[in-house]
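Dear colleague,

I am handing over the structure that follows, and below it I have set out what was found in it. Please read the notes with the model open beside them.

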Amino acid sequence: MGKGIYSLLVLVISCVSFSAHAVECRCDTVRVILNFAQGESAVDTAYASNSERVRDMMSVLDGADVATVSSVSLKGSASPEGSLARNKALAALRARGCADFVVGALSLPVNRVEVLDGGIDWMLLRHMIMNCDEDWRHDAVAVIDNVPELVYKGTRIVDSRNRRLRVLRGGKAWRYMLQHFFPAMRTAEVCIGLTIKPVEVVEVSQATVDNIPENTQVCEYKTPEADNNISTSPAPDANVGYTESRSEPMAVDRHTDLFIKTNMLYDVAAVPNIGIEAGIGRDWSVGVNWMHAWWSRSSAHRYWRIYGGDVELRRWLHHRNNRSTTHSGYYLGLYGQILSYDIEFGGRGRQSDGLSWGVGLSYGYSLPLSRYFNLDFAIGLGYLGGKYKRYEPVDDCYVWQKTDKLNWFGPTKAEVSLVWIIGGRRKGGKL
């Protein structure tokens, strides 16, 4: 039966006098998804499973009999913590970072690379939400389906899809997504179009057909398949020409985070205070705080005078795979403080003899309330030293009793501060 089919094939070829070689070309697309840490745009092969995916990609390319790489297209994505504009810029930088990496790895000419517009993959987030078991999942899907990315009133932005998700169920849904879903959205997708080396089809003689064993099988070449992060699929159009995106490179955001704050515990104690803090990169910040109160009721011998401040260096504790927005979350601090005071109640007074001073370590948490505000909680333990005078008010005079030394080990700082983020919060580190 097998020999009869091959004989018929030879007869047809002979009738049409087909003596020239026929050429068949196959086109496939290799698709790879690389992951990024929050705020990062350069390809890090040591991050997550990127090294494995790059290795699989190169294995596919080396294993295929590839004549040419016909095209490379890249699309970046970002998680939705920051503003829409910053997320689009970050997605573009991720795509360009992948473009540089792929061009170098494959030694490609730049004019074969196309960088596509990216941003937040809301459909991916919707799919992940629908496949979780949380009781808020239908509410979150309704927000994605019904609330635009930006809601305008005239020319002013009054609401957003991002904000609605952030406040859903008091932030419970957002915290879950931040841990379980957002890391999977910080990606760039690489699609490499391949033209497989042509396969020649030549005339087959009857003698050749007669010598083919009956159990011979004809096999078609297939490009190796991989997992859902690297796959192959037929190219939509093998003749499509790709060109590099002509948009100018995105500039890296280098502005410094600035915060103005007031410690509400001191405010309640009638001690006005103010502080300013500046971010140093993603993980550090330095702040200066000052307080000043000068209250008295001399007829009742009440005196409340206190002024001083502290300088604090903070180290923000970000988990590499789940970084919160810049300068939010837990932190450790090292602070130094100076203090002058004069406090008199119930007929006895304590007045600092010069300036008291102290050093200590702080531990705290900064809770994001909105784009422009945080709420800081902190406690500081350390040493406070100096000298102070004991006195008693007699008539209109304050009679000195003695001078003592102050040597205090224990809590030297407590904070519940309202923090204003100048310009609004941004995503961790650079764009």
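Predicted model: local features only at pLDDT ≥ 70, side-chain atom pairs only at ≥ 80, totals over all residues.

Residues are numbered from 1 along each chain as its sequence is written, and side-chain values use heavy atoms, with hydrogens and water left out.

The chain as a whole

The protein chain has nine helices and 18 strands; helices (H or I, at least four residues) and strands (E, at least two) are DSSP runs, numbered from the N terminus. Of its 431 residues, 41% count as buried, where buried means under 20% relative accessible area, exposed means over 50%, and partly exposed lies in between, with a 1.4 Å probe and protein chains only. Among the contacts in the protein chain with a separation of 6 or more, 69% are accounted for by residues 24 or more positions apart, a contact being heavy atoms within 4.5 Å.

The structure holds zero disulfides, a disulfide being a pair of cysteine sulfur atoms within 2.5 Å. Cys132 counts as buried because its relative accessibility is 7%, and Cys191 also counts as buried, at 19%.

In helix 7, which spans residues 172-180, the buried residues are Ala173, Trp174, Met177 and Leu178. They cover an arc of only 135° around the axis, and therefore lie on the same side of helix 7; the arc is that of the directions from the helix axis to the C-beta atoms. In general, an α-helix has 3.6 residues a turn, so residues three or four places apart point the same way. Arg175 and Gln179, on the other side of helix 7, are exposed. The buried residues of helix 7 pack against helix 4 (122-130) and helix 6 (161-167).

Helix 4 can be described in a similar manner. Its buried residues are Trp122, Leu125, Met128 and Ile129. Since they cover an arc of only 125° around the axis, they are on the same side of helix 4. What covers the buried residues of helix 4 includes helix 5 (137-146), helix 6 and helix 7.

The second largest pocket

About 600 Å³ of space lies in the second largest pocket. Of the 31 residues that line this pocket, Tyr266, Met291, Ile306, Leu339 and Thr412 are the closest to its centre. On a 1 Å grid over the protein atoms alone, a pocket is an open set of points where a 1.4 Å probe fits, with protein on both sides within 12 Å along at least five of seven lines, and lining residues have an atom within 4 Å of a point. Grid points are joined across faces, edges and corners, and the volume is the space filled by probe spheres set on the points.

The elements that each supply at least two residues of this lining include strand 10 (258-263), helix 9 (264-268), strand 12 (284-297) and strand 18 (397-421). By class, the lining has 17 nonpolar, ten polar and four charged residues; here Ala, Val, Leu, Ile, Met, Phe, Trp, Tyr, Cys and Pro count as nonpolar, Asp, Glu, Lys and Arg as charged, and the others, Gly among them, as polar.

Some single residues

Gly193 lies in strand 7 (residues 187-196) and is buried, with a relative accessible area of 6%. Leaving aside residues up to four places away in sequence, Gly193 touches Asp28, Thr29, Thr68, Val69, Ser70 and Ser71.

Most residues other than glycine have a negative phi. Ala48, however, has a positive phi of about 50° although it is not a glycine; Ala48 is placed in the loop between strand 2 (27-35) and helix 2 (50-63) and counts as exposed, at 54% relative accessibility. Ala270 likewise has a positive phi, of about 60°, and is found in the loop between helix 9 and strand 11, where Ala270 is partly exposed with a relative accessible area of 35%.

With kind regards
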